[in-house]
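User: Hi! I'm new to this one and would like a friendly walk through it. Could you bring it up for us?
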Amino acid sequence: MPFLSPSMDTLTDKLASTHLDSVEEETLPGLEDAYRSLLEVVSYPIQHSEKFKHLNIDAPKGVLLYGPPGVGKTHLVRSITDRTNAMLTTIHGPEILGPYLGDSERRLREKFAQALRTLQANRPAIVFIDEIDSIAPHRQQTAGGMESRVVAQLLTLMDGLKGRGRVVVIGATNRPNSLDPALRRPGRFDREISIDVPNQIARAKILQYYLRKMPTHNIDIADLAESTNGYVGADLSALCREAAMQAINARLSDSNRNGLVTQNDFMQAMRHVVPSITRGVGIDVAETTWTDVGGLKETKLKLVQAVQWPLEHASTMQRLGVKPPRGILMYGPPGCSKTTLVKIIATQTKATFLSINGAALYSPYVGDSEKAVREIFKRARASSPAVIFFDEVEAIVGKRAFDSSTGGDSVQERILSTLLNEMDGVEVANNVLVIGATNRIDMIDAALLRPGRFDRIIYVPPPDCGARKEILQIRARRMPLAEDVEFDRLAMETEGFSGADLANLSREAALIALRENIEESKVTMGHFELAMQAVQPSLKKDLMEYYARMQREFG
């Protein structure tokens, strides 16, 4: 069910009841399940070899660890090595690949030979291939180059591995689908262990681990865990480090500070440390609240119900069997605060916020655009709850042409098909909400407008007289005003002005006042009247008739 996350009370109870089995697991917060899975593959053949002989089964040869960068794959392998007292042989791509023919294969053979020599000292061996996709990519994509020879050599070494049960090959990668399929079969990598982005409970454990030796004051770990959605272990480590730096800076500038790390230091640190999983697609927006948008009371309430309620009242909605919407489409005239409302959602909810625009999405290469859409949804699912925002959605996924004479299979149609599958296809995008904004709802394909995709279609109307007054007052909050400014009169005289027009009107009035007296300028009613001669309303009669028709058609 989308947007269901553990409540703060539930999280606190689970943290209090958490009992780790060993010292090793205490140093691996959030990785307990992966640790147990990897430990049984590595340690069982060593400690219970007679059981394997009795059952007449072979011990596993290899394990593939995969997950986003920074989740702790390498740290996990080091901990397993210490626990089993094994000799670790690490292989990095750059040190294997050589410039001469046969050089890379020779170096790979030497690494495996080095691991096998440790068996003579009666110690198990672990061969750890970090970033294995860099030396063993899909051979069909490398077209018979050096990488293909390295893959073939690795396959041969794993098939002919002596000392099975006492030598385990562990590979780690961020891109498991880039690996050659021949590696991902039983007999080579017998088990694959996924390490996902930590959820709220795991993040709380990780924060507890990093804060255990840090001098702190009134830190609410449960609240921090809720606020750090999408952060992996490496991000949380950097966040704690940045919070400590904030505390040091505060101590240097204020001698009354005691040097303890506070909750406010973490809030400041979050401005500098962003989740690595959202880099490149996440957006940085200024802090915006519902009071920054005038009017639109019904629209705001609908958005709060669709976005904030599933996050804040998850248990209640689950108890009532209410499913939150998968998608929300906002449509209305230009300049009526659709994008601003989405900015508020981005700053007021603690969900991961990802944005897609047409310029970044379209690519000259076939398949790249669809891959970008899939990657966005993959990141959103990994860091859920998440919100994906499509601005000017009709330009990205317009209507499909059913006339065969148009040439068919366009990039836009392929992107639309990918989006339809991601929103409501075989692979369900749980805990992911898609928000679209458009001025031309009639240009959007009907398949997107059905329940299960854009469930809620919300009309964002132009401001009425009361809303225009509110918008003008919001725009004038930091503006030095003369006493003769009458907002009621201005609201009545600005019929046909959108929210963007009113912002432009306020800015123009301030510039006129500035030109008159640059030293001590105050904005008067006369300045607003002069500005109205320069700023024309954008909501013309024919445009509003069009939106009246769209309202009757789409609601």
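Analyst: Happy to. Let's begin with β1, which pairs with strand β4 (residues 167-173) in the parallel sense, over five bridges. Please keep in mind that this is a predicted model.

User: Which residue in β4 is the bridge partner of Leu 64?
Analyst: That is Gly 171 in β4.

User: What other strand does β1 pair with, and over how many bridges?
Analyst: β1 also pairs with strand β5 (residues 191-194), in the parallel sense and over four bridges. Within that pairing, Tyr 66 stands opposite Ser 194 in β5.

User: And is β1 buried or exposed?
Analyst: Strand β1 covers residues 62-66, and four of its five residues are buried, so β1 is largely enclosed by the rest of the structure. Buried here means under 20% relative accessible area.

User: What holds paired strands together in general?
Analyst: Strands of a sheet pair through backbone hydrogen bonds, and the pairing can be parallel or antiparallel.

User: Okay, new topic. There's a sheet with β8 in it; what is the strand order there?
Analyst: The order is β9-β10-β11-β8-β12, five strands forming an open sheet with parallel pairing. At the edges are β9 (352-356) and β12 (456-459), each of which pairs on one side only. From one strand to the next, the twist averages 20°.

User: How many bridges join β8 to β12?
Analyst: Four bridges join them, and the two strands run parallel; β8 spans residues 327-331. To find the spot on screen, look for Ile 328, which stands opposite Arg 456 in β12.

User: Where is Asn 218, then?
Analyst: Asn 218 is in the loop between β6 (216-217) and α11 (221-227). Its relative accessible area is 62%, so Asn 218 counts as exposed, the cut-off for that being over 50%.

User: What about Glu 392, what is its phi?
Analyst: Phi of Glu 392 is near 50°, a positive value in a residue that is not glycine. You'll find Glu 392 in the loop between β10 (386-391) and α19 (393-396).

User: What is the relative accessible area of Glu 392?
Analyst: The value is 35%, so Glu 392 is partly exposed.

Key: Residues numbered from 1 in each chain as written. Predicted model: local features only at pLDDT ≥ 70, side-chain atom pairs only at ≥ 80, totals over all residues. Heavy atoms only, no water. Buried < 20%, exposed > 50% of the residue type's maximum accessible area, 1.4 Å probe, protein only. Pairing = 2+ DSSP bridges. Axes fitted to C-alpha atoms, helices over the stretch in contact; angles between N-to-C directions.
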